[in-house]
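Reader: I would like to go through the terms used for this model and see what stands behind each one. Please set every label against its definition.

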Amino acid sequence: MTTRLADIAAQAGVSEATVSRVLNGKPGVAATTRQSVLAALDVLGYERPVRLRQRSEGLVGLITPELENPIFPALAQVIGQALTRQGYTPVLATQTPGGSTEDELTEMLVDRGVAGIIYVSGLHADTTADMQRYERLRAQGVPFVLVDGFSPKVQAPFISPDDRAAMALAVTHLASLGHTRIGLALGPKRFVPVQRKVEGFVRAVQEQLGLSAKTVETELIQHSLYTLEGGQAAAGALMDRDCTAVVCASDMMALGAIRSARQRGLEVPRDISVVGFDDSPLIAFTDPPLTTVRKPVPAMGQAAVRTLLEEIGGTPAPHSEFVFMPELVVRGSTASAPGERKRP
């Protein structure tokens, strides 16, 4: 064993201790040095340890939530195509209710020797989750990038849309149409994107309509689930508070809001306006076509891949957050406030 270590160290131009760290998967070795040691193994005809063997074959893990929300398959497609163009093979691992957890999927991918992992809307977005799981992954020498969500406790690149700006776009649009009671339907409070949307919404309503922060938070914001049924329930509660427009934190929730309005005998957008978030595939073809804030999915997906490959290649990007600007797409689900149309 000592002779083998000495041979590999000489071939790679590193110390025997460094070779040992690489072979045992220990942290503290630069990616370029790790590649040199693995190359030396190959040149000298030594068999790579099993868990290091596949890592060089270019597998990259992509962990997403459920795929029922079409924004996740859209993001997975962009990321998968970008990885394939760079010679990597994407491995899609999806969380499902009652199925594998994020930690179990991570362990499965690491056991298969992936070169890196991209997390989409994972536990990194949950302010109540233990962030030590990501530090443990870093200690194993596996590069990773986190999409949608941010934690100052994790030293990694983050890719996010500007959730605060998204709310400003939606509120400004609705206020310009004469709406003065604008509600916000969104997911559970513990998620970072939810907290940011609330901040952006409160600030925008204060600036556009002159309402106090307390009024906005107590009367115009409704937390629910990121589902069609969640949007339906939240929008119903907001309509009970006389909202003539509802901004939703996902397109799925917005479809639920439209269903809620119709169950009350209301027409969208004649009686109530609805704005979504994501601009997921096919959402332009709903009835009515949905006004929404478009998440910059192509730019975010490509940035996630580019950043991960830099990490894998040993030239890591700054451990900070890359924030991408969303865009308002006006379609048929928003119109002038009912009171505005009655004016001469």
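Reader: Which residues of helix H2 (residues 16-23) are called buried?

Author: This is a predicted model, in which local features need pLDDT of at least 70, side-chain atom pairs count only at pLDDT 80 or more, and totals for chains, interfaces and linings use all residues. Residues are numbered from 1 along each chain as its sequence is written, and side-chain values use heavy atoms, with hydrogens and water left out. The buried residues of H2 are Thr18, Val19, Val22 and Leu23. Buried means under 20% relative accessible area, exposed over 50%, and partly exposed in between (1.4 Å probe, protein chains only). Helices (H or I, at least four residues) and strands (E, at least two) are DSSP runs, numbered from the N terminus.

Reader: What makes strand S5 (residues 158-161) covered on both faces?

Author: Phe158 and Ser160 on one side are buried, and so are Ile159 and Pro161 on the other.

Reader: Why are S5 and strand S11 (residues 321-324) said to pair?

Author: Two strands pair if DSSP finds at least two bridges between them. S5 and S11 have 4 bridges, in the parallel sense, and therefore count as paired. Ile159 stands opposite Phe322 in S11. Strand S4 (residues 144-147) is joined to S5 by 2 bridges, also parallel, with Val147 opposite Ile159.

Reader: What is called the largest nonpolar core, and which residues have the most contacts inside it?

Author: A nonpolar core is a set of buried Ala, Val, Leu, Ile, Met, Phe, Trp, Tyr and Cys residues joined through side-chain atoms within 4.5 Å. The largest has 41 residues, and Leu184, Phe201, Ile221, Cys248 and Val274 have the most contacts inside it. Helix H9 (192-209) gives the most to this core, with 6 residues. Apart from it lies another core, of 26 residues, including Ile71 and Ala304.
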